[in-house]
Amino acid sequence: MVQDIRDIITDVSVTADVTLVTVYNLPNKTEIMAKLFECLADEGVNVDMISLTPSQGLTQTVSFSASDEALTATLTTVGKIKGSYPDVRMDVNTSNCKLTFKGEAMKTRCGVAASVFASLGENG
């Protein structure tokens with residue numbers, strides 16, 4: 001584990017008012033995933049983080065984050081996708097904050113995440 005993360009992390013930023021969205025049961029087709037993000041872009045939703053889980057056979061789950069201000073547009077967009085694919089469902093969690101840690105040495109050092117979470121746990 002990294003002994004002193006202050007030597008590794010050179011910048012920390014905080015983004016407030018972040019919505020986390022998880023869309024389940026999307027058909028496992030690249031063009032449908034593209035359509036989701038094209039529709040979000042068309043609605044002016046700036047997606048700043050995407051996490052794609054391993055496919056579950058014929059379906060796919062994707063999570064992403066965007067600003068709380070874009071909540072209505074996000075719900076509208078996923079609703080349109082759900083209209084074409086009725087098995088799609090969504091979880092939404094608003095009013096989050098995102099911490100971003102940066103540092104060139106993070107690319108090659110193991111244990112940075114463990115140290116960050118340990119520090120957060122110790123300091124609340």
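Which residues of helix 2 are buried? In this predicted model, the buried residues of helix 2 are Ala73, Thr74, Thr77, Val78 and Ile81. They line one face of the helix, because they fall within an arc of 125 degrees when seen down its axis.

**Helix 2**
- Helix 2 is made up of 14 residues, and the distance from its first C-alpha to its last is 20 Å, close to the 20 Å expected at 1.5 Å a residue.
- Strand 1, helix 1, strand 3 and strand 4 are the elements against which the buried residues of helix 2 pack.
- Thr72 and Gly83 are exposed and lie on the face of helix 2 turned away from its buried side.
- As background, residues three or four places apart in an α-helix point the same way, because there are 3.6 residues a turn.

**Nonpolar cores**
- The largest nonpolar core contains 17 residues, and those with the most contacts inside it are Val23, Leu26, Leu36, Phe37 and Val62.
- Two or more residues of this core come from each of strand 1 (11-27), helix 1 (30-42), strand 3 (59-67) and helix 2 (71-84).
- Helix 1 contributes the most to this core, with five residues.
- Beyond its neighbours within four places in sequence, Val62 is in contact with residues including Val23, Leu26, Leu36 and Phe37, and also with Ile50, Ser51 and Leu52.
- A second, separate core has five residues, among them Ile5, Ile8, Val112 and Val116.

**Ile32**
- Ile32 is located in helix 1.
- Ile32 counts as buried because its relative accessible area is 8%, and the cut-off for buried is under 20%.
- When neighbours within four places in sequence are set aside, Ile32 is in contact with Leu26, Pro27 and Tyr85.
- Ile32 and Glu104 are 72 residues apart along the chain, and 35 Å separates their C-alpha atoms.

**Helix 3**
- Helix 3 (residues 112-123) has 12 residues and extends 16 Å from its first C-alpha to its last, close to the 16 Å expected at 1.5 Å a residue.
- Val112, Ser115 and Val116 are the buried residues named in helix 3.
- Strand 4 (89-102) is included in what covers the buried residues of helix 3.
- The face turned away from the buried side of helix 3 carries Phe117 and Gly121, which are exposed.

Methods: Residues are numbered from 1 along each chain as its sequence is written. This is a predicted model: local features need pLDDT of at least 70, side-chain atom pairs count only at pLDDT 80 or more; totals for chains, interfaces and linings use all residues. Side-chain values use heavy atoms; hydrogens and water are left out. Helices (H or I, at least four residues) and strands (E, at least two) are DSSP runs, numbered from the N terminus. The expected span of a helix is 1.5 Å times one less than its number of residues. Buried means under 20% relative accessible area, exposed over 50%, partly exposed in between (1.4 Å probe, protein chains only). Contact means heavy atoms within 4.5 Å. A nonpolar core is a set of buried Ala, Val, Leu, Ile, Met, Phe, Trp, Tyr and Cys residues joined through side-chain atoms within 4.5 Å. The arc is that of the directions from the helix axis to the C-beta atoms.
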